[in-house]
Each structure stands twice: as C-alpha cells, then as structure tokens.
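Hi there,

Here is the structure I promised to send over. Have a look at it first, and then read on for what turned up.

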Amino acid sequence: MLIDPGPGVGGVTREVRAPRPRIWLAAGIAAVPVLLIALQIASIGHDFEGPLGSLLNDYIGTPKSMSVPWAGLILALIGISMRRRLIALGAAVAIDVIAATVRLLAGGHFAIGNGPVWVLAGLALVAGFRWRGADRRNALHAAALGALLILATKVGDVWLHITVVTRPAVFDEYAILADHALGDPSWVVARVLDALGPAVHAVLHWVYIELPVAAIVVAIWQLRRVVRDGIWPSHYLVRTFLVLGLVGPVLYLVFPVVGPMFAAGADGHGLQLGNYWPDVVPPIDRSPADMPFDGFTPRNCMPSMHTAWALSVFLHTRRDTDGGPAPLWLRALGTFWLIATLTATLGFGYHYGVDLVAGAVLCLTVESALREPERGWGWFRVRIVGLGATILAALLICYRYLAVPMAEYPVVAGTIVLALLAGLAAAFHATWFTHQTLPASTEPALAER
C-alpha cells in the first residue's frame, strides 16, 4: 500500500493501493498463448516449424531436444516433496522408455523427452485441482518455471527463423572492422584451440551446448529451501535467464550478424567475404556495406547471448540467496563455465569479440534491473540500468557507424570499449556487492504486502 503525499478531500491523506501482483500475473499468463499463436501463424506463412508444432512433437512425436524437456521437469520438481519427486521421475522415465521403444520399432531414430513434458503437465493439473495451501502454491510456481523454460526454447527457435526472414543482409563487415579494436580475438583463440588438440575442443563444445546444465545446477541450489522452509528467494537465476532470453534476441533484428565462421570462413556457402577464418585476419575495408547472406543461417550473434547467460551463471554463484558466500564448489563451477563458454564462443568462430562485450553489458543491465527487488527502484537502480542501456546503445552505434575508425585506431577504440565495460562492471559491483544484502523475501510475505 502506498501513501499519497498530497491531501485528499477535507485535508485527509489518501491511501493509494499499489497494483495487485495478481493482475500482472494474469496478464503474463494471458500473453503466453497469444505469443505462441502469433509465432505459429508466422511460421505457417514462411514454411518453418512453429512453437505449437514443436510442442506437439514433444508430446506425441519426436522431441526436438532431448535435454530441455528434462531440464524443465527437474526445475519443476523443486517445488514438491521428495516422495512426489520420485514418483514423477519414475513416471517420466517409464513414458520415455515406452515412447522411445515404439519410435524405434516404427523405424524412427532414438530420442527421449516425451516423458518429462507429460509428467510436467500432469503435475501442474494435479497441483492445481487437488492440492491446497503451500503444496499447491510451491508446485504450481515451480511447474510454471519449468514450462517457461521449455516454451522459451520453442520461441527462441522460431525467432531465429524470423531473423533470417526479416534481415536478408547482415552487418558482419562492420563487426569485423570493429573487432580489430579488440585484437580479432576469434582468430587468435581459434588457433590456440587448434594447437591444444581435440580433447580440449570436445570439452569446450560440450560446455557450450550444455549451458542449461550449469543453470539448472545453480537454480536447484538457490531454490533448495522451497519445500523445506516454504521460502522462494526474491531473485534467482531462472528469472535472469528468462528475461535475457526475452530482451536479447530483439537486438538480433537491430544488428544482424552471422559470425566469423560464416561471414569470413568456409562455412559461408559461397556468400562469405573470403576463406579468412581462422588463419588470416581480413584486411581493413574502408567501404563496408550490408552483406547479403543465405536464407537459413540465423542472425543471432549481436549480442552474444551465450556470454550473457554464462555471465549470469557466474554472478549467481558468487553469493547464496541469503546474502552469505556461496560454497567453493559452486563458485568454481560458475567461474569454469564462464571461462569455458567465452573460449568456445570465440574459438569456434560463433562470435566476434565485440559480440561478447555487448552480451556482457546486456547481462549486467538486466541483472541490475532484477536483482534484490525488495530494495525498490531508487536512484541507485535507475542509475546503473540507465548506464548499462546507454553503453549498450553506444556500442551498437559505434560498431555500425564508426567501424572504420575503430579499425584504423584499434588501441584507442579498444581501450574505450573495454573501459566502458570495466566501468559498468565496477558500478555493478559497487551497487550489489559492497552493501549488506537484505534478507530474501518469501512468497507469503509478498502476498501480505
């Protein structure tokens, strides 16, 4: 409840009720099917699989991913007791075994993932109609998170197709020039990985592909008290992951980029600038232009979402949700996953260095908007979120319109780019890590406000 500082009728102070969280929750729930239907219609018009079709395959066809449905179910299991978890896991495994066997006997290829989506849906229905009180609230909350994780991947897959349809030309020529300011790190790291051999390459490839594994481990740790104590932290990794996945891909349409292995390498299918990557750095082209590209490679490099997500994992492994230090193993996991992801992102030619800087700025900005919501939206938060948004916009503008000067004066330009990132990181640390963290709020407490 908010108190209006101005006098009301007769000089009586008026009470102004804050918007109820239920209104925003209902709006969010209603927006999900609307978004899925709109994307499904768009997919039909452009002849690619939509989110509803992909979701249908998860239930009665061949799942597109074998790991994402299980990640969603594991996240949902956080909200129920151990006995119910074992029952749900057993049911999911049994359904998966039956579905995989039937698929193989019918001549299809091996795949799993049907079981967890059926069990997740069943869990939500049972909790919604049969359970009451904290059991119901915790189960539905966790099931919603698991479902959102699965749906987010469906939306993401469609969005990658949309980037191809709407942006036939890409900005890689500008990104390559701007990347000279950072020393062309993709070319450098790729040659280092070649020297380290296939074993290192295999480990980094697994880390890059299985980023959700680290996220689920961290989320389970952060939400481990939900069933025992009925405590939902005021902020946790899943929230950051989902918001990043909502905000970041919008920028793909603003700055479409396919990456060095496609734009400057042999994987460009004849549309590349040349077969430069990873052995030869392209010469400086003082007349860069939009670069027409193929009709199937996603324009999903700027910003690097793998960098943003891996950095969010790192940030959430620095402290526990109660403000205390995180255990050593969790901090080591976050550090390893961040370093390995950045190395893979560059070394495999998926991103330029300038993509990584933009991804890091995006992460710090989004995390600042979400972190410690109990502190409200004071000047401390407005300041750092505004700073991050301004830096991100400035970087994209410079990459696009000042790419040639950045390549011609790499030391100056590179110093400015890294200084902007370092300044934002310092402001982030000063805002969120140098003060006494307030106790995490709980769901019942929030409901009473």
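Which residues in α2 meet which residues in α5? From α2 they are Asn57, Asp58, Tyr59 and Ile60, and their partners in α5 are Asn114, Val117, Trp118 and Ala121. Sorted by class, this contact has five nonpolar, two polar and one charged residues. Please keep in mind that the model is predicted.

The axes of helix α2 (residues 51-60) and helix α5 (residues 114-130) are 7 Å apart, at an angle of about 100°. Since 65 to 115 degrees counts as roughly perpendicular, that label therefore applies to α2 and α5.

On to the charged pairs: the whole structure holds ten salt bridges. One of them joins Asp157 and Lys64, at 3.6 Å from N to O. Asp157 sits in helix α6 and Lys64 in the loop between α2 and α3, so this pair ties together parts 93 residues apart in sequence.

Another salt bridge, at 2.8 Å from N to O, is formed by Arg286 and Glu408. Here the loop between α14 and β4 is linked to helix α19, across 122 residues. Arg286 is exposed, at 53% relative accessible area, whereas Glu408 is partly exposed at 33%.

The loop between α14 and β4 also contributes Asp290, which pairs with Arg400 of helix α18; that salt bridge spans 4.0 Å from N to O. Shared partners also join Arg224, Arg225 and Asp320 into one network of salt bridges.

Finally, an unreviewed UniProt entry annotates residues 197-364 as "domain: Inositolphosphotransferase Aur1/Ipt1". Over that stretch the chain is 55% helix and 1% strand.

Best wishes

Note on methods. Residues are numbered from 1 along each chain as its sequence is written. This is a predicted model: local features need pLDDT of at least 70, side-chain atom pairs count only at pLDDT 80 or more; totals for chains, interfaces and linings use all residues. Side-chain values use heavy atoms; hydrogens and water are left out. UniProt positions are given in the numbering used here, feature names are shortened, and annotations may be inferred rather than shown by experiment. Helices (H or I, at least four residues) and strands (E, at least two) are DSSP runs, numbered from the N terminus. Axes are lines fitted to C-alpha atoms, for helices over the stretch in contact, and angles run from 0 to 180 degrees between N-to-C directions. Angles under 35 degrees count as roughly parallel, over 145 as roughly antiparallel, 65 to 115 as roughly perpendicular and the rest as oblique. Contact means heavy atoms within 4.5 Å. Ala, Val, Leu, Ile, Met, Phe, Trp, Tyr, Cys and Pro count as nonpolar, Asp, Glu, Lys and Arg as charged, and the others, Gly among them, as polar. A salt bridge is a side-chain nitrogen of Lys or Arg within 4 Å of a carboxyl oxygen of Asp or Glu. Buried means under 20% relative accessible area, exposed over 50%, partly exposed in between (1.4 Å probe, protein chains only).
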